[in-house]
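Colleague: I have a few minutes before class. Can you walk me through this one?

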Amino acid sequence: MAIRANPKLITELEIYGAQDVSKCYHCGNCSATCPFSKEPYIFPRRSMRSLQMGLEAKLESDLEPWLCYYCGECSTECPRDAQPGETMMSLRRWLTARYDFTGIARLFYLSAKAEILAVILVALIAGAGFLLYGFSQGDITQYGGPDAFLPAASVHIFDWTLAVVLLALLGTNCARMWWFTVGRDTKVHVPLSAYVRKIYLLPMHFFTQMRYAKCEQKRPWVLHLVLMLSYVTMLILIMFFLESMWSGPAVNWSVHAFGLAATAGLLVTTIVFLRKRLKKSEVQYQQSHETDWMFLVLLIVVAATGLLQFTLHRLGLNTAANINYVIHMMAVVPMLLLEVPFSKWSHMAYRPLAMYFADLKAEAMVSTEREPVRAPQAA
Amino acid sequence: MDDLKIGVFVCNCGTNIAKIIDCDAVIDSVERLPYVAVARTYKYMCSDPGQDMIQADIEEYGLDRVVVAACSPRMHEPTFRKALQKAGLNPYFLEMANIREQCSWVHDDPVAATEKAAALTAAAVMRVAHHEALERRSVDMCPNTLVMGGGIAGMSAALDLADAGNRVYLAERSDHLGGNVARTDLTAPYLDSARDMLTERITRVVEHPNIDVLLESQVRKVDGFVGNFQTTIRGKADDGAPTDTVYDVGSVVVCTGYKEFDASRITHYGYGKLPNVVTSFEFEKMLRAGRVTTKEGKAPQYVAIIHCVGSRNLEFHAYCSRVCCMTALKYAHEVKSAVPGAYVSDIYIDMHAFGKGMEDFYRRSSEIKTLFLMYEKNDYPVIRKADATDDCDMLIEVNEILSGETIEMPADLVVLMVGMEAREDSEEVAHLVNISRDKDGWFIESHPKLDPVATTTDGVYIAGACQAPKDIPDSVAQARAAAARILARTARGKIEIDAVFSEVDEDKCSGCRMCNELCPYVAIEFDAEKRRSHVISALCKACGACVAACPSGAITARHFTDKQIFAELEGVLA
Amino acid sequence: MADDKLQIAIYWGAACGGCDVSILDTDEFILCIDAAADILLWPIATDGKYKDIEALADGGLDVAIMSGAVRNSENERMAHLLRQKSKVFVAYGSCAYMGGIPSLANLVPREEIIARAYLNNASLEPGNTTVPRLRTSLNGYDLELPEFYARVYKLDQVVDVDYYVPGCPPQPGQAQAAITALVQALTGQAEAPPKGSVVGASERALCDDCKRTKAEEKKVKRFYRPWQIMQDPEACLMEQGILCAGSATRSGCGVRCPDSGIPCRGCYGPAPGVVDQGAKLLSAVASIIDSKDADEIDEILLTLPDFTSFANRYSVAASPLQRSHRR
Amino acid sequence: MTFQPKIVGFLCNWCSYTGADLAGTSRIHYAPNVRIIRVMCSARIDPTFVLKALHDGADGVLICGCHPGDCHYSEGNYKMMRRYPLLKSLLADYGIEQERVRLEWVSASEGQRFADIVNDMTERVRALGPSPVKAALEADLAER
């Protein structure tokens, strides 16, 4: 059955960052240099091809973009500067938009304005909300204690509600991802048992990002891992140890040690990434999409205000601490509410899932008969 | 013949011959043969000392025949003939034995190889005894030239010849100059206008005092031989009636060009049925008119270009038409500028971007977002009308190799890159000027590498796409090369005619006329008065067909006489 | 007998006798011969015994004219005898000159010939087993037959020949001319032709004397036997697809056959200097076949049965291969 | 010692002889049994040459010309092509084994093909054994 080509898709993808796909003449160097590219997941060339021809349905069901960590090797090797690495990046953005049923993600990717406005809006609402709540029941000069401006307990509840909403959104997108990539694929059938048997892959990839380690240079992997672990640590602290985080002024090392480490990790890595993106020294940081900036900016603000919060509290400057916390939340809320399900942050979930699905599919393919792909020839 | 003195010179060719063949043994075996006055070996006979040795021996022993056993005569026969000439001996008193290419290089058993070498040398000795002194003759060279075809090649050849002060008759079948280039808009890779290029040529040709432009005229007859052709050209008189005029020319340049492949022969493309499937030439027409639209007059959103239409497949032509790929890329650029926002897809087999600036042009074409789809030879894409619900007029189904998928490509306008074909009159033309055609009908050059403009008929040259598919620069280069070849000859004023040709012994000829029809060069004429046939030596190419065919043995092939061949035969079998 | 007369012998080897008849056909000229010469031996016309010839001294004969090829030991013995006794030895007629019709037998093994003639032949009484034998004893007599050779030889394959008179038979006119020339030479009235030359014939091929018109275009899609087609009496027979050996045959016969609508069979042998008449005729035929397709060419040649017996009809023994080499 | 047939090769100058030279320049080894005689065109090959070769003691005769449609003299090879079947039938009548005489088309670029043909023909002729012609004609002389 013939697949309908859509020559227009390539133009749409430009907005997602893929500027040079059409230059590719399929020598296959990219797939050859990529340490992850092996049957049945040969990339980036095949993805480049599908994109050139605008095979939307096919691209939508591809896992390949998620299997790439963008080490940049392919783009460096490409004899035609077709930027395969960036193309994969753009495809990830495009897929994120595809998975998201609300259409918000697409909106953000297609228009930087929309994203910024949304962030500001959410920030303001959050800020306003916290202030109103604070003044309605507390004293701005009080930090902790019975009539604290913002009691940890209630913040904790707020965090949890937020988490639930967020998970709901992300969850549905993940479900859609599964449906596109595995569920509706008639060619392969993944038995339930396999899902169970291989479930360990999820945490493994999530926490180790071992595949990234396979890339030629190890530094990006380390940075990426540190950033991710710090973030996760922070998330855990907030979701489960918020009260003890708030305790003070005496430093409670059992939690604050983690807190500080995580914050440090976040600050250092985000700063490094920002510098790289500004300097454009390495190929993978040369073309930054607005969403990349937004992601880093929010993260750095959150980390910075978080650290400031800790310090002010120790110094006993309660009023300042309270105001700073509101600012802190004005960054946290949009970050969690918008970035995680609708933008760059979602890859935290999508990538490990992709690894998991990829593994399952590969296994299933071996068992089920699969018509061989014709060997590509150089044009 | 009893007083013959034959010298035999066996070359070692360094070790090329000597490492397998025992050259001294060869010497020993031939020394015993009749008339052999001296036999020697030397490491390099073709070297100056080697040739000096031969000349010295001719002096010293008064040799009147020379045998050189060395490489292929195709290699050094001219060298040694010169050597004989220098020593005052008729060059045709030489015979070579090919003991390198056809002996030492192809055999590994020294004994057998030496035996064979001895036999070949003996044969040469016995043959050369029957050689006769032959004299090359020279005839006047008429400086005029007939150029057949007023395309870019023909005009370029004509201009160079005319600029050198020679008269040129430029015969063109149609009523205008320019040929196929006149049908094209821009040219790859620099996208400059073919029209501008042509106008310059055409005005120069038309205004040139030394060029007679003969429009709407056909060459009817070409008689005579190099330097002395009589050509009959049928043209239109003032009252429009056809008139034949005879022109004397010394050379003929054939630049009759090509014709495009008939796209309707490939049913898969629906050419002639689907209104928006057009050939590259029809598309050129749109481009020149400056309006690229569908038959319905709409600007096409999707333009698909199909390569190799009629070329590079088993069914039609196996060869590559060479210009279509880059022309297709040119279309990509022209479409993008004519219809901004249009999507161009190139459906190709292999992208042949040979030639100057072309690879870069290919790159630039992909940068303007041309979509390249690769299909397999003989696995034709199929074009069908799209459904009403589709946002396009047609759909092209391609088994796309680079993705391994079967793709359905939307298209509003499909351009078929029709290949080049030999003109239907190429056989007639070939017959007219006595040149050969290959299996595809293209004219055959005298040597594919070393003599690509001359033909097997001396004085007749080919240039442009009548020899094989060619682009403009190659056609022009070949045309000007032909002109240069002709000028080099006219400059000398006379031309030498090879001494090797066939002759009829009129005392033996019975006038049976068996030979008349056999000669591919119509070199045999029949004298009805005497009832004898005779060979026009200047036209004869010495193939010897008539000699073998003559039932009464009245025809002799100079330098390949029965006597000489029988002697050689006895030699190899001795 | 008057000694100023030439002493001549006329003999026939493997021949049909046509040659002798051709001499008789010279009509009153025969009397001139008689006047000029004593005919010591002429089996078909005069009395005379082998022993008379044997009795002669070497060179006792001025001329010996032998027609017929050498098929058996007797032919050969007589050839040697006549050669030995004669000053001038003439091979007379196609058989003596080239082997002639008898030498067509060279394409068949001797055994087959014997079998065909004496064992499986309709004209024999059934069950006949009698075949000629070299020696037979019959009522006390020892009878001897000449040895039947494995093949036929043309005369000069057996003995040295001075002159050749071609033709099957030589045309009386030519015969007369030839004999006159010889007599004149021997009687010193004219210079003798060089040894080994063909006398009484032309130096060109038959077409030279043939009155039929010859066109440039000679292309045939098939060949015809003379009776298969209504021929144009004016045009060259080959052009009409009728196989004619004229172009490859020495003239001298007076073009009798083609003039009467019969293609030349080549009895006068090849044109001067030609090695093999058959091979030359082959080239001639090949050059008028109108096709470039191997299969079609074979098709066309099917209309040309038994080409060999035509090409070498009179000259098998004279051809380079001379005989069949089937094992 | 195995029988070494003597084969005479008549090669046209433009395709086949050049092809044989190419076999040499590309160092393709083949049987040393063929002795090549160069003619300008296969059309020059008079059937007499073949008969003469067999008469003079050749065990085989190889005739090579340009591929049909590829003749340097435009149609010479067709002329040979037309003689060949007649020649074959003539030879058959003279009792010469079919495989002793062979017509092949060899282009200037077919050095390998030429070598293969030579090897193949050498083997076939070797299998047939020596040509009977010379022996038979000598035997005839001995008969008397």
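Predicted model: local features only at pLDDT ≥ 70, side-chain atom pairs only at ≥ 80, totals over all residues.

Colleague: Let's start with chain A. What is its secondary structure?

Modeller: Chain A comes to 18 helices and one strand. Buried residues make up 40% of its 379 residues.

Colleague: And its contacts? What share join residues at least 24 apart?

Modeller: That share is 74%, counted among contacts in chain A between residues at least 6 apart in sequence.

Colleague: Where does the strand of chain A go? Which sheet has S1(A) in it?

Modeller: S1(A) belongs to an open sheet of four strands, in the order S1(A)-S22(B)-S21(B)-S20(B). The pairing there is mixed.

Colleague: How many bridges join S1(A) to S22(B)?

Modeller: Two, and the strands run parallel. S22(B) spans residues 405–411. Look for Ile3(A), which stands opposite Ile407(B).

Colleague: Now the five-strand sheet in chain B. What is the strand order?

Modeller: The order is S16-S23-S17-S18-S19, the sheet is open and the pairing is parallel. S16 (277–279) and S19 (371–374) stand at the edges. The twist averages 25° from one strand to the next.

Colleague: Pick a pair in there for me.

Modeller: Take S17(B), residues 302–309, and S18(B), residues 343–348. They pair in the parallel sense over five bridges. Ile306(B) has Ile347(B) in S18(B) as its bridge partner. H9(B) packs on this sheet, touching S17, S18 and S23 (413–418) of chain B. The direction of H9(B) makes about 170° with that of S17(B).

Colleague: H9(B) also crosses H10(B). At what angle?

Modeller: Roughly 40°, with the axes coming within 10 Å. H9(B) is residues 324–338 and H10(B) is residues 358–367. The crossing is left-handed.

Colleague: Which residues meet there?

Modeller: From H9(B), Met326(B), Leu329(B), Ala332(B) and His333(B). From H10(B), Met358(B), Phe361(B), Tyr362(B) and Ser365(B). They divide into six nonpolar, two polar and no charged.

Colleague: What about S7(B)? Which side chains point which way?

Modeller: Val168(B) and Leu170(B) point one way, and Tyr169(B) and Ala171(B) the other way. All are buried. S7(B) pairs with S6(B), residues 145–148, in the parallel sense over four bridges. Leu146(B) stands opposite Tyr169(B).

Colleague: Cores next. Which residues touch the most other members of the largest nonpolar core?

Modeller: Val67(B), Val68(B), Ala69(B) and Val125(B), in a core of 171 residues. The largest share, eleven residues, comes from H5(B).

Colleague: Zoom in on Val67(B). What is it in contact with, beyond its neighbours within four places in sequence?

Modeller: Its contacts include Ile6(B), Phe9(B), Ala97(B) and Val125(B). Another core, of 137 residues, lies apart from the largest one, and Tyr143(A) and Tyr331(B) are among its members.

Colleague: Change of topic. How many residues of chain B are in contact with chain D?

Modeller: There are 36 from chain B, in contact with 36 of chain D. H4 (100–104), H5 (110–128), H13 (545–549) and H14 (562–573) of chain B each supply at least two residues of that side. H14(B) gives the most, with seven residues. The side of chain B that touches chain D has 20 nonpolar, six polar and ten charged.

Colleague: And chain C against chain B?

Modeller: There, 21 residues of chain C are in contact with 16 of chain B. The chain C side has nine nonpolar, four polar and eight charged.

Colleague: How many residues of H2(D) are buried?

Modeller: Nine of its nine. Just after H2(D), Gly57(D) takes a positive phi of about 110°.

Conventions:
Residues numbered from 1 in each chain as written. Chains lettered and ligands numbered in written order. Contact = placed C-beta atoms within 7 Å. Nonpolar A, V, L, I, M, F, W, Y, C, P; charged D, E, K, R; others polar. Core = buried A, V, L, I, M, F, W, Y, C linked by C-beta atoms within 7 Å. Buried ≥ 20, exposed ≤ 12 C-beta atoms within 10 Å, placed from the backbone. Pairing = 2+ DSSP bridges. Axes fitted to C-alpha atoms, helices over the stretch in contact; angles between N-to-C directions. Left-handed = near helix turned anticlockwise from the far one by under 90°.
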